[in-house]
Amino acid sequence: AESAPDPLITELQDWASYTGVGVDEVPYGMPIEFESHVVRRNVEWLTASPISSINFTPIHALEGTITPQGCAFERHHSGAISLRKEDYRLMINGLVERPLVFSYADLERFPRETHVYFCECAANTGMEWAGAQLNGAQFTHGMIHNMEYTGIPLRALLREAGADMSSDKWVYVEGADASSNGRSIPMEKALDDVLVAFKANGEALRLEHGYPVRLVVPGWEGNMWVKWLRRIEVLDRAVESREETSKYTDVLEDGTARKWTWVMDAKSVITSPSPQMPIPHGPGPLVISGLAWSGHGRIARVDVSRDGGITWEAARLGRQGDSKALTRFYLDIDWDGAPMLLQARAMDETGYVQPTKEQLREVRGENSVYHNNCIQTWYVNAEGIAENVETS
Amino acid sequence: GDGTARIAELETLVAEAAAASRSAPIQAAAAPLPDGAFGLGREAHPEEIAAWDVDVLPDGRGLPPGAGDVETGEELFAESCASCHGDFAEGVGNWPVLAGGFDTLDREDPVKTVGSYWPYLSTAWDYIHRSMPFGEAGTLSADDTYAIVAYILYSNDLVDDDFELSDANFAQVEMHNSDGFIVDDRPETEYPAWRAEPCMQECKDEARITMRSVFLVGTPPEGGSESIPNPNRDVALPSFTADGPSFIPAAAPAEAPTAAAEAAAPAEVETADADAGDALVAAGEQVFRKCKACHQVGEGAVNRSGPHLNGLLGREMGSVDGFKYSDVFRAAQAEGRVWDEAALAEFLAKPRAYMPGTKMSFSGLRSEEDLAAISAYLASFGEGS
């Protein structure tokens with residue numbers, strides 16, 4: 001109990017006496033000024049220019065599972081462009097009976113679907129191949145966001161054009177920006193769950209996420225989610241574009257490289273406590289909170305260890321997560337104030353268990369750059385300060 | 001870029017596409033709607049398809065007619081590309097290096113250039129034509145693109161300085177790393193092993209912190225981030241056991257040496273503190289798991305893809321009978337160099353730096369503790385004579 005009465009309670013406060021701001025003061029609201037630190041952040045030295053770069057979602061400071069668009073990470077190859085709906089055109093050509101051009105208004109007349117999916121950059125956690133590098137969940141795991149998308153199944157557009165949908169065909173998708181980022185998607189995936197999306201979290205896509213139309217490729221690496229989607233081409237082979245051969249390929253220890261590593265495997269991270277989220281109170285009740293996801297389907301279980309992987313206990317899922325979407329987990333503990341080595345380990349519905357760094361390196365070496373879904377470790381000291389560490 | 005040439009190129013493509021559409025009956029206006037179609041959208045004009053469908057496939061499909069030589073390419077490169085990629089395609093700042101890096105793919109930090117890494121020439125042509133120069137994408141004519149690609153091949157020593165690249169000889173250019181890729185094999189190499197019920201209790205004896213964060217990251221109110229080197233990186237943190245954290249340094253004696261360590265540690269280990277030595281040997285046995293695929297040690301050890309390691313400390317480098325050493329080890333033996341703890345530590349920290357040309361593909365041990373432990377472990381298998 002407080003030793004003296006709290007003046008915030010005993011004294012009349014301004015906000016309880018004067019009036020606040022009226023409606024329409026801010027026609028489209030921003031987060032309150034006290035939350036202005038919860039923003040995307042760039043690590044400048046990682047890339048040559050912010051025009052061709054990436055920033056990080058403040059996952060340490062968010063809760064639940066939906067990422068607000070305004071702080072969802074951005075990745076551009078040639079900068080984010082402003083493209084009006086009126087100027088938007090989507091072409092479908094190649095192995096189709098009728099090459100077609102759609103306007104934005106045309107797209108709005110197709111039956112649409114709404115789903116929640118995570119979008120993770122293949123490079124998320126990539127720095128960690130070389131050991132513990134950047135101190136913060138935002139920087140180790142922030143190349144991810146999770147939104148509710150509304151759009152048209154890609155298969156509807158393929159059907160509209162009379163595409164050859166046999167299983168050995170490919171769908172090449174290309175953006176309208178100067179990078180004309182393009183990726184080849186095998187027909188099986190194109191017919192499965194790929195969406196041509198125009199809304200996220202109930203509103204129009206943001207400029208930085210491909211307004212007015214982007215592709216959503218559930219469970220697959222983020223660079224395939226082509227923004228400002230302008231063309232869909234049906235082909236008899238993969239294009240082997242720059243992004244699919246020279247960039248998003250994973251070099252193994254012997255120098256050979258894996259290509260077409262599309263799926264993002266099961267992964268998790270504790271978002272609080274974490275280096276940017278120290279424990280602000282001493283011993284006693286403590287909420288350990290984190291995120292888990294899998295490109296193969298639903299998260300079935302998340303385990304948490306407080307001793308660096310010697311002992312594990314099953315965490316509580318905030319709610320049963322959607323397939324290929326972020327799932328929130330919690331472990332509610334009575335913290336004794338002793339240091340902890342915190343780890344989380346996700347398991348998805350296929351039975352796949354998130355691997356340790358050691359397991360990953362054993363198979364892949366340390367030069368892969370991409371697809372690092374290792375178990376992450378935070379060392380939390382007796383003061384509640386957390387640090388990114390690597391453990392045996 | 002030459003805008004006139006680009007327009008001429010587009011006109012050619014449009015003419016071709018228009019001719020193709022005239023001969024294709026499927027383009028007839030009366031074509032019935034496919035099953036399940038809504039009749040939305042409109043048919044694309046051949047001119048529109050020609051303007052946007054410019055991707056080039058590995059087999060050369062999609063390449064427009066044209067040609068360009070190394071010399072022209074060098075001039076264009078200096079003008080339009082060198083500010084980011086360097087005069088010799090060596091890269092400026094963090095911008096991509098386009099040349100060199102051969103034989104680095106199996107080393108630490110591989111240099112992935114058009115020459116060392118890209119498996120298809122079509123990828124370079126397609127990307128440069130569509131997306132480069134940065135900030136002026138789509139302005140290069142077909143001939144300019146052939147010339148710049150020819151210069152990049154030349155800067156990688158893949159063609160001579162009098163080479164001219166064209167749609168006619170495009171397919172004959174062999175890329176250095178064309179066999180360097182495999183299709184995603186995680187379903188075979190990873191998923192079966194990693195779909196096992198995970199351990200929940202007593203999963204290991206100890207969890208030791210082997211590395212602290214390299215950078216602390218400041219998050220200023222104005223946005224962005226500030227990385228600073230972690231001043232406490234070298235300060236030891238506690239190890240964890242099932243009993244919780246302990247502040248005993250990592251290499252200190254364990255409560256009880258494991259049975260394996262007792263069996264493995266013969267009397268030759270001379271140390272002031274036998275318990276500490278045992279613990280170090282036990283730790284070394286764990287580290288040695290990284291070596292086991294290629295090296296044997298102990299009773300009955302024979303050469304595998306690496307030489308056996310009995311009596312390693314004190315023995316001449318490159319001296320195990322019947323093992324086919326690389327040149328660098330044969331030279332070391334000729335010089336009479338001998339394995340001691342310091343040499344071993346330096347070698348194992350960065351094998352290819354210490355013994356350039358060694359066949360050993362291991363990338364190296366990062367931590368001082370691991371190096372000390374492996375040395376103690378190998379020492380426990382006797383001194384060389």
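Let me begin with a term: we say that two strands pair if DSSP finds at least two bridges between them. With that in hand, hello everyone, and please keep in mind that what we are looking at today is a predicted model.

Three strands of chain A form an open sheet, in the order β1-β2-β3, and their pairing is antiparallel. Which strands sit at the edges of this sheet? They are β1 (41-42) and β3 (75-76) of chain A, and each of them pairs on one side only. If you look between β1(A) and strand β2 (residues 53-56) of chain A, you will find 2 bridges, again in the antiparallel sense.

Now for another sheet in chain A. This one is open too, with 4 strands in the order β16-β17-β21-β20 and antiparallel pairing. Its edge strands are β16 (267-272) and β20 (316-317) of chain A, each pairing on one side only. Between β16(A) and strand β17 (residues 284-293) of chain A there are 5 bridges, and the two strands pair in the antiparallel sense. Have a look at A:Ile270, whose bridge partner in β17(A) is A:Gly290.

Let's zoom out to the whole of chain A. In total, chain A has 7 helices and 24 strands. How compact is chain A for its length? Its radius of gyration is 23 Å, close to the 21 Å that the globule rule gives for 392 residues, so chain A is as compact as a globular protein of that length. Along its principal axes, the C-alpha trace of chain A spans about 80 × 60 × 40 Å.

Next, salt bridges. Over all chains, the structure holds 45 of them.

Finally, let's see how chains A and B meet. On the B side, 98 residues are in contact with 110 residues of chain A. The size of an interface is often given as the accessible area lost when the parts come together. Here chain B and chain A bury about 8,800 Å² between them, with 55% of it on carbon and sulfur atoms. Which residues of chain B lose the most area to chain A? They are B:Leu40, B:Trp52 and B:Trp194, together giving 10% of what that side buries.

There are charges at this interface as well, with 10 salt bridges between chain B and chain A. One to look up is B:Asp185 with A:Arg258, where the closest N and O atoms are 2.6 Å apart. Among the elements of chain B, helix α5 (residues 121-131) gives the most to the side touching chain A, with 5 residues. That side of chain B divides into 48 nonpolar, 21 polar and 29 charged residues.

I'll end with strands, where we began. Strand β24 (residues 386-391) of chain A and strand β6 (residues 209-212) of chain B are joined by 3 bridges and run antiparallel. There, A:Thr391 stands opposite B:Ile209 in β6(B).

Notes. Residues are numbered from 1 along each chain as its sequence is written. Chains are lettered from A and ligands numbered from 1 in the order in which they are written. This is a predicted model: local features need pLDDT of at least 70, side-chain atom pairs count only at pLDDT 80 or more; totals for chains, interfaces and linings use all residues. Side-chain values use heavy atoms; hydrogens and water are left out. Contact means heavy atoms within 4.5 Å. Buried area is the accessible area (1.4 Å probe) that two parts lose on being put together, summed over both. A salt bridge is a side-chain nitrogen of Lys or Arg within 4 Å of a carboxyl oxygen of Asp or Glu. Ala, Val, Leu, Ile, Met, Phe, Trp, Tyr, Cys and Pro count as nonpolar, Asp, Glu, Lys and Arg as charged, and the others, Gly among them, as polar. The radius of gyration is taken over C-alpha atoms; the globule rule is 2.2 Å times the number of residues to the power 0.38.
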